[in-house]
Amino acid sequence: MPLAPIEKLPAELIQPIFFYSDLNLALPAASPHIASKFANEYCYHAVCTRYLTTNLESRVEQTLAQTRIFSYKWMMWDHFRSFVLKKWGVNGCLCGKTPKEGCFDAQWPPDFEDATTMLFSRSHLPALSYIKCRIPVKLLSGPWTSDKVQFLRFLLWTTSMTVDWASHEARAAAREGKKEALLTGNLEVVELFNHNRRLGKAPSVDTVRFAVMDAGCDRSIVYDTMATARTWGLRGEAWNCEVLDQWCEGKIQEGDPKGEWLQLKLEELRVTHGAGDLNSGYMDPETGNYEDVDGDKLVITPHKWNQVYIYSCAARPFQDALHPVPSS
Ligand SMILES: [Zn+2]
C-alpha cells in the first residue's frame, strides 16, 4: 500500500506535529511508519514525562495511555531505569521532591535490583505511586530473566499497577508465569506471586501440592507458599491432604529427608488451639530442618510486601474492589 502524505514527512517535520498534539499517542498508533520516526530517547522521555508524571485532565484517558506506554516494545527495564534517573536525579529522590519541598528520607539512587529495600510511607510516597494502569502482559510470564523480575518488582513496589483480570491473555500469562516460577525453582518470582494479591489469589493447598509433587519440593519455595497460605487464612483441617501425606511417606521410605520435613510442617500447620487463635498452625522454621543436602537448603526471606499497604492503604482497597482477583 502506498504511503499516505503524512507518513512521508521527514522526522524533523512529523516530530513537532507530535509535540503540538500534546504527544497524542493516536499519532504513532496510526502508522508504524510514523511511529518509527518517534523511536528515539527524546520522544520516549517526553512521552513518559507527560503521561507518567503529570496530572492530566482526564484520569481515565491518562490511565489508558499509561497502560499503552507500558505495553510498548521499547518500554523495557533499561529504558525505564534511565527515565527514572533522568527524571528524578535532579531532586535526588523517587518522591520527586527536594528536602525544601517535603522530602525527608531521600531514596536515592533507586535500588533497581531489589526495590523492596527502599522505604516509603504514606507521608513520603514515590512519585510513581499514583500510576494505576495495567501491568503489561510481557512482565507476567517467563522466561524469568533478572531484568524482568527487577522491573516487575519495581513496578509493584512503587506504583499501584494491577493485572487486567478481564483479559484472557493477562490471566493466562499470570497463571503460566507463576507455574513456570514454581517449576524452575525461582524463589524470587514465587515470592512475588505469593505475597502480592495484585498478581492473583493467595496460595492454596493445590499450590502446595503442585510445588511439592510437580515442581520437586524446593523447600524454600514450599515453606514460603505454606506460610503465605496460612497468613491468608488456611488453618487446621484445611491442611488435611491424603495425597501429600502419601508423598511424604513415600519419600521417608526412600530415605529422602524432604519427606520427614514436609510431614512435620504439615503436622504443625494442622495444630489448632481454638478458633481465632493467631498461634494455631504456626510453622517453626527450625524444627526438622537439616543441613544443605544436594542444594536442598531452606532459605527464609522476611516478608516485606505488607509494607506496600502502609503507603498505599488508602488507594489499594478501592482498587482491589475495582479489579478483584478472579475466583477461579
Ligand atoms: Zn523523598
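**Notes on an all-residue reading of the model**

1. Start with P109. P109 sits in the loop between α6 (77-88) and α7 (146-158). The model is a predicted one, and what follows describes that prediction. The peptide bond from W108 to P109 is cis, with omega near -5 degrees.

2. A further cis bond is found at P143. G142 and P143 are joined by a cis peptide bond, and omega there is about 0 degrees. P143 is placed in the loop between α6 and α7. As background, most peptide bonds are trans.

3. Next, the overall picture. The protein has 15 helices and 0 strands. Its C-alpha trace spans about 75 × 55 × 35 Å along the principal axes. There are 328 residues, and buried residues make up 45% of them. What share of the contacts between residues at least 6 apart in sequence joins residues at least 24 apart? The share is 70%.

4. The largest nonpolar core holds 86 residues. Which of its members touch the most other members? They are F70, M75, F80 and L262. Take L262 as an example. Setting aside residues up to four places away in sequence, L262 touches V212, V222, M226, L244, W247 and C248.

5. Two packed helices are described by the angle between their axes and the distance between the axes. Helix α4 covers residues 41-53, and helix α5 covers residues 59-71. They pack at an angle of about 140 degrees, with their axes 9 Å apart. Angles over 145 degrees would count as roughly antiparallel. The α4 and α5 pair is therefore oblique. The crossing of α4 and α5 is left-handed.

6. Which residues make that contact? From α4 come V47, C48, R50, Y51 and L52. From α5 come Q62, A65, Q66, I69 and F70. The residues in this contact of α4 with α5 divide into 7 nonpolar, 2 polar and 1 charged. F70 links this point to the core, where F70 is among the residues touching the most other members.

7. The other pair is α8 and α9. Helix α8 runs over residues 168-183, and helix α9 over residues 187-195. The packing angle is about 135 degrees, and the axes are 8 Å apart. α8 and α9 are therefore oblique to each other. α8 passes α9 in a left-handed crossing.

8. On the α8 side, the contact is made by A174, G177, K178, A181 and L182. On the α9 side, V189, V190 and F193 take part. The division for α8 with α9 is 6 nonpolar, 1 polar and 1 charged.

9. Consider Y42, in helix α4. Is Y42 buried or exposed? Y42 counts as exposed because its relative accessibility is 56%, and the cut-off for exposed is over 50%. Y42 still has contacts beyond its sequence neighbours. Not counting residues up to four places away in sequence, Y42 touches Q15 and F19. Y42 and I131 are 89 residues apart along the chain, and their C-alpha atoms are separated by 22 Å.

10. R153, in helix α7, has another setting. R153 is buried because its relative accessible area is 7%, and buried means under 20%. What does R153 touch, not counting residues up to four places away in sequence? The list is E113, D114, A115, T116, E188, L192 and W305.

11. Most residues other than glycine have a negative phi. L23 is not a glycine, yet it has a positive phi of about 55 degrees. L23 is in the loop between α1 (11-20) and α2 (26-30). At 6% relative accessibility, L23 counts as buried.

12. D294 is not a glycine either, and it has a positive phi of about 50 degrees. D294 is in the loop between α13 (257-270) and α14 (306-312). With a relative accessibility of 80%, D294 counts as exposed. So L23 is buried, whereas D294 is exposed.

Methods. Residues are numbered from 1 along each chain as its sequence is written. This is a predicted model: local features need pLDDT of at least 70, side-chain atom pairs count only at pLDDT 80 or more; totals for chains, interfaces and linings use all residues. Side-chain values use heavy atoms; hydrogens and water are left out. A nonpolar core is a set of buried Ala, Val, Leu, Ile, Met, Phe, Trp, Tyr and Cys residues joined through side-chain atoms within 4.5 Å. Buried means under 20% relative accessible area, exposed over 50%, partly exposed in between (1.4 Å probe, protein chains only). Contact means heavy atoms within 4.5 Å. Axes are lines fitted to C-alpha atoms, for helices over the stretch in contact, and angles run from 0 to 180 degrees between N-to-C directions. Helices (H or I, at least four residues) and strands (E, at least two) are DSSP runs, numbered from the N terminus. Angles under 35 degrees count as roughly parallel, over 145 as roughly antiparallel, 65 to 115 as roughly perpendicular and the rest as oblique. A crossing is left-handed if the near helix is turned anticlockwise from the far one by less than a right angle, and right-handed if clockwise. Ala, Val, Leu, Ile, Met, Phe, Trp, Tyr, Cys and Pro count as nonpolar, Asp, Glu, Lys and Arg as charged, and the others, Gly among them, as polar.
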